[in-house]
Amino acid sequence: MLRYVLVAVVVGFAVYYLVVQWPAIEAALVLISWQSAALSFLLVLVGLGFGTLSWVAVLNGLGPRVPVLRAAQVLLVGQLGKYVPGSVWSYVMQMELGRQYGILRPRVLVTALYAAGIGVVSSLLIGALALPVVVQGHTELLWLFLLLPIGLACLHPRVMTFLASFVLKLFRRPPLEHEVTFVVVGKAVGWSLLSYVAYGLHLWLLVNSLVDPDIGTLVLLTGAVSLGFTVGLIAFIFPSGLGVREAILIGAMTLLLTVPQATAVGLISRAMFTAADLLAAGIAILFVFIWRRRLASETVAYLREEVHYEHSLDPAGAKPMAARDDEHE
């Protein structure tokens with residue numbers, strides 16, 4: 001019951017945020033053509049889809065394969081926790097939802113942390129395209145690029161495997177039985193990069209409705225969106241990086257728009273991301289409900305594989321997975 005209450009509270013925060021901001025958003029929407037707005041919102045959903053595939057690639061690279069729909073539900077519903085002040089709730093919800101479907105909490109936590117790290121590395125790689133904006137108006141952000149070599153080193157399969165096994169050891173769990181492969185890391189980074197490209201196109205279409213930007217502007221705005229996500233992730237005190245991400249985007253857009261126009265586009269973009277988060281979570285739940293029988297059989301097969309996996313690592317004292325999970329709490 002507490003899990004359901006937590007989900008309800010988190011969804012309530014997200015809806016409340018959208019309702020409170022709606023008057024300003026409605027006024028800003030007058031400036032944007034409906035065609036640009038519709039296509040821009042679709043690109044946000046596409047970006048969310050790419051980001052989900054990146055997360056699932058990491059999850060399934062750390063252990064037995066989890067059905068994609070089930071894993072997507074854990075991520076998309078769980079990440080709504082970022083709208084509660086102190087974005088740690090996102091990780092809490094993901095672990096609880098994962099536990100509900102038999103995925104060990106430590107594995108979900110390791111996945112969430114590594115997916116966040118991959119997101120930061122990807123955003124800094126693309127964010128380098130926005131260096132002109134950073135140098136002109138946000139020189140304090142240059143230190144972020146110091147994280148790039150550290151992040152790239154942590155993405156090496158051996159380092160990634162060592163760190164994941166270390167976290168599992170802290171939770172008194174067996175280490176990974178195999179090394180994370182370059183293929184897994186490559187897939188996760190590739191999907192993450194594609195998600196930022198989709199988000200950049202989303203912002204470019206909104207700006208394109210007001211002025212006539214070129215390809216160079218698309219590159220700049222994509223970099224700005226990427227940096228905005230990283231800064232928003234670090235500023236975890238604010239719900240979903242509220243205000244912090246927009247500051248970066250508005251700084252980039254003022255090269256093309258007036259400050260009021262840039263602020264309006266920033267509000268619309270934020271509203272689209274919030275609506276997309278809610279819609280994507282609802283779609284994930286709907287698909288899981290529609291295909292519940294198929295997913296139930298896949299989940300049973302996954303649980304058997306998970307238990308067999310742990311027995312193979314601890315044949316002498318292995319207990320049922322759920323029992324050991326509760327014991328170690």
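How many aromatic pairs does the count come to? The points below take that up after the overall fold.

1. **Model and fold.** This is a predicted model. The protein holds 14 helices and zero strands. Read from the N terminus, the elements run α-α-α-α-α-α-α-α-α-α-α-α-α-α. The protein has 329 residues, and 50% of them count as buried.

2. **Aromatic pairs.** The count comes to six aromatic pairs. One of them joins Y196 and Y199. Their ring centres are 6.3 Å apart and the planes stand at 75 degrees, an edge-to-face pair. Both tyrosines belong to helix α9. Three residues separate Y196 from Y199, about one turn of the helix. Y196 and Y199 are both buried.

3. Y196 sits in helix α9 and F229 in helix α10, residues 215-234, so the contact ties together parts 33 residues apart in sequence. F229 is buried, as is Y196.

4. **Salt bridge.** The structure holds one salt bridge. E96 and R105 form it, with 3.0 Å between the closest N and O atoms. R105 has 15%, so R105 counts as buried. The cut-off for buried is under 20%.

5. **Second largest pocket.** About 390 Å³ of space lies in this pocket. Its lining has 18 residues. Closest to the centre are L113, A116, G117, I118 and C154. Which helices each supply at least two lining residues? They are α5 (105-127), α7 (147-154) and α8. Helix α5 gives the largest share of the lining, eight residues.

6. **Nonpolar surface patch.** V159, F162, L163, F166, L170 and F171 form a nonpolar patch on the surface. Together these residues have about 570 Å² of accessible area. Helix α8 covers residues 157-170, and F171 lies in the loop between α8 and α9 (182-208). F171 has 36% relative accessibility, so F171 counts as partly exposed.

7. **L170 in the patch.** L170 is found in helix α8 and is a member of the nonpolar patch. At 58% relative accessibility, L170 counts as exposed, because the cut-off for exposed is over 50%. L170 and P106 are 64 residues apart in sequence. In space, their C-alpha atoms are 9.0 Å apart.

8. **Points to check in the viewer.** For the salt bridge, select E96 and R105. For the patch, select V159, F162, L163, F166, L170 and F171. For the pocket, begin with L113, A116, G117, I118 and C154, the lining residues closest to the centre.

Conventions: Residues numbered from 1 in each chain as written. Predicted model: local features only at pLDDT ≥ 70, side-chain atom pairs only at ≥ 80, totals over all residues. Heavy atoms only, no water. Patch = residues over 30% accessible without salt bridge, like charges linked within 9 Å, V, L, I, M, F, W, Y side chains within 5 Å. Areas by Shrake-Rupley, 256 points an atom, 1.4 Å probe, with all protein chains shown as cover. Salt bridge = Lys/Arg side-chain N within 4 Å of Asp/Glu carboxyl O. Helix = DSSP H or I, 4+ residues; strand = E, 2+ residues; numbered from the N terminus. Buried < 20%, exposed > 50% of the residue type's maximum accessible area, 1.4 Å probe, protein only. Phe/Tyr/Trp six-rings, centres within 6.5 Å; stacked < 30°, edge-to-face > 60°. 1 Å grid on protein atoms, 1.4 Å probe; cavity = no way out; pocket = protein on both sides within 12 Å on 5 of 7 lines; lining within 4 Å. Points joined across faces, edges and corners; volume = space filled by probe spheres on them.
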